[in-house]
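Thanks for asking me to go over this one. My comments are below, as numbered points, and the structure itself comes up here.

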Amino acid sequence: MHKTNILITSAGRRTKLIEYFKKEFYGSGKVITADCSSLAPALYTSDKGYIVPPITDSGYLTKIMDICARENIAAVLSLIDPELLFLAESRKAFEDIGVKIIAPDYRGIDICNDKTKMHDFLGKQGFDNIKTYNGLDVFSDAYNAGEAAFPVFVKKRFGSASSGALKINSMAGLKAALIENGDLLIQDFIDGVEFGIDIYVDLISREVVSVFIKRKFYMRSGETDKAVSIINPAIANLVVEFVKSLNLAGPLDMDIIENDNRYYIVDINCRFGGGYPLAYECGENYPSYIINNIQGRENIARIGQYPEDVKMMKHDDVVIIRP
Ligand SMILES: Nc1ncnc2c1ncn2[C@@H]1O[C@H](COP(=O)(O)OP(=O)(O)O)[C@@H](O)[C@H]1O
Ligand SMILES: [Mg+2]
């Protein structure tokens with residue numbers, strides 16, 4: 001029998017996701033979590049939680065590997081972007097101790113984590129691409145030549161959770177935003193409907209086995225707060241084409257904005273997105289796909305086979321630890 005214990009790192013506040021993993025892993029393996037904060041709620045809802053150093057600490061990798069050995073871990077899954085490159089870089093060391101890293105290859109993560117590289121890549125591959133200006137000089141030249149106009153949208157090149165994200169209506173406003181943060185990316189503002197897409201790419205066959213599309217009603221602190229499931233073959237085809245062009249793998253999360261019948265890829269994260277609970281509740285069972293992959297079985301593609309018009313609203317919950 002294969003070992004099927006999983007270690008979910010940087011688990012943070014993702015208690016609902018941990019609950020789904022526990023439900024699916026029940027009977028096949030344990031769900032172990034790690035986080036650098038002793039107050040990360042997900043540590044207390046998994047089978048066992050480990051407090052570890054921050055990912056930037058030189059001892060981090062050793063600590064994660066120690067946990068893998070002690071808990072007989074078969075696979076490691078991170079829930080935050082900055083850790084992904086680091087895990088992909090260390091893939092060989094993990095494989096040497098029999099541990100699978102559930103993430104794409106280094107190049108794919110590198111492009112997805114960096115919004116400048118991602119838009120260069122989209123442009124080169126011929127996808128509909130949001131015009132992106134690297135710095136005020138480039139934008140001003142385009143503006144003076146009549147090739148760019150306000151409003152624009154600024155956001156951090158390596159940001160997540162909408163950090164630094166802002167619609168800006170004037171040159172004065174843009175200059176002020178850039179004084180505050182020099183590393184902001186300037187983009188054409190796309191006024192349209194936003195979709196969040198959960199994707200699972202089989203780790204063995206590298207086939208896209210799930211594309212779950214939701215229309216976002218409302219975002220709060222960069223997270224999808226209210227959403228509804230929809231079927232849209234144009235989006236599904238675009239997602240499959242993009243994912244294949246970068247040879248991505250594992251669970252992914254993508255943002256797309258539609259304007260005038262064009263679909264613009266805005267953002268892609270090589271990990272579970274915050275809106276994944278709706279996909280799971282609609283039958284897109286990624287934890288079970290992960291179990292299959294860990295145990296050496298490929299998953300069968302089932303794209304667009306979920307119910308439409310299922311709505312999700314997030315709400316608060318609490319974890320209590322008594323002395
Ligand atoms: N060019 C744009 N035009 C309009 N809205 C945008 C644009 N880029 C991003 N947004 C909005 O800002 C949000 C955060 O941007 P995103 O690129 O997804 O960064 P993050 O990595 O912080 O999630 C998106 O979900 C979308 O609502
Ligand atoms: Mg995003």
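**Notes on the model**

1. The metal site. The magnesium ion (ligand 2) is coordinated by D255 (OD) and D267 (OD), at 2.1 to 2.2 Å. Donors here are N, O and S atoms within 2.8 Å of the metal (3.2 Å for Na, K and Ca), and water is not among the atoms, so sites may look incomplete. D255 sits in strand 13 (residues 250-259) and D267 in strand 14 (residues 262-269), so the pair ties together parts that are 12 residues apart in sequence. D255 is buried, at 11% relative accessible area, and D267 counts as buried too, at 12%. Buried is under 20% relative accessible area, exposed is over 50%, and partly exposed is in between (1.4 Å probe, protein chains only).

2. Ground rules. This is a predicted model, where local features need pLDDT of at least 70 and side-chain atom pairs count only at pLDDT 80 or more, while totals for chains, interfaces and linings use all residues. Residues are numbered from 1 along each chain as its sequence is written, chains are lettered from A and ligands numbered from 1 in the order in which they are written, and side-chain values use heavy atoms, with hydrogens and water left out. Helices (H or I, at least four residues) and strands (E, at least two) are DSSP runs, numbered from the N terminus.

3. D260 is found in the loop between strand 13 and strand 14. Its phi is near 55°, a positive value in a residue other than glycine. Is D260 buried or exposed? D260 is exposed, with a relative accessible area of 67%.

4. Another positive phi. S10 is not a glycine either, yet has a positive phi of about 50°. S10 lies in the loop between strand 1 (5-9) and helix 1 (15-25), and S10 is buried, with a relative accessible area of 15%. For background, most residues other than glycine have a negative phi, and most peptide bonds are trans.

5. A cis peptide. The bond from F150 to P151 is cis, with omega near 0°. P151 lies in the loop between helix 7 (136-144) and strand 7 (152-156).

6. Helix 3 against helix 5. The axes of helix 3 (residues 81-89) and helix 5 (residues 106-113) come within 9 Å and cross at roughly 160°. Axes are lines fitted to C-alpha atoms, for helices over the stretch in contact, and angles run from 0 to 180 degrees between N-to-C directions. The two helices are therefore roughly antiparallel; angles under 35 degrees count as roughly parallel, over 145 as roughly antiparallel, 65 to 115 as roughly perpendicular and the rest as oblique. The contact (heavy atoms within 4.5 Å) is made by D81, L84, L85, A88 and E89 of helix 3 and Y106, I109, D110 and N113 of helix 5.

7. Helix 5 against helix 6. What angle do helix 5 and helix 6 (residues 115-125) pack at? The angle is about 105°, with the axes 5 Å apart, and the two are therefore roughly perpendicular. R107, D110, I111 and N113 of helix 5 meet K115, K117, M118 and F121 of helix 6.

8. Inside helix 5. G108, I109, I111, C112 and N113 are buried in helix 5. The buried residues of helix 5 pack against helix 3, helix 6 and strand 14.

9. Helix 7 against helix 8. Helix 7 and helix 8 (residues 171-180) pack at about 170°, with their axes 12 Å apart, and are therefore roughly antiparallel. L136, F139, S140 and Y143 of helix 7 touch M171, L174, K175 and L178 of helix 8.

10. Two buried residues to look at. L87 is in helix 3 and is buried, with a relative accessible area of 3%. Leaving aside its neighbours within four places in sequence, L87 is in contact with T9, V76, S78, F94 and I101. T116, found in helix 6, counts as buried at 10% relative accessibility. Not counting residues up to four places away in sequence, T116 touches N134, R157 and L185.
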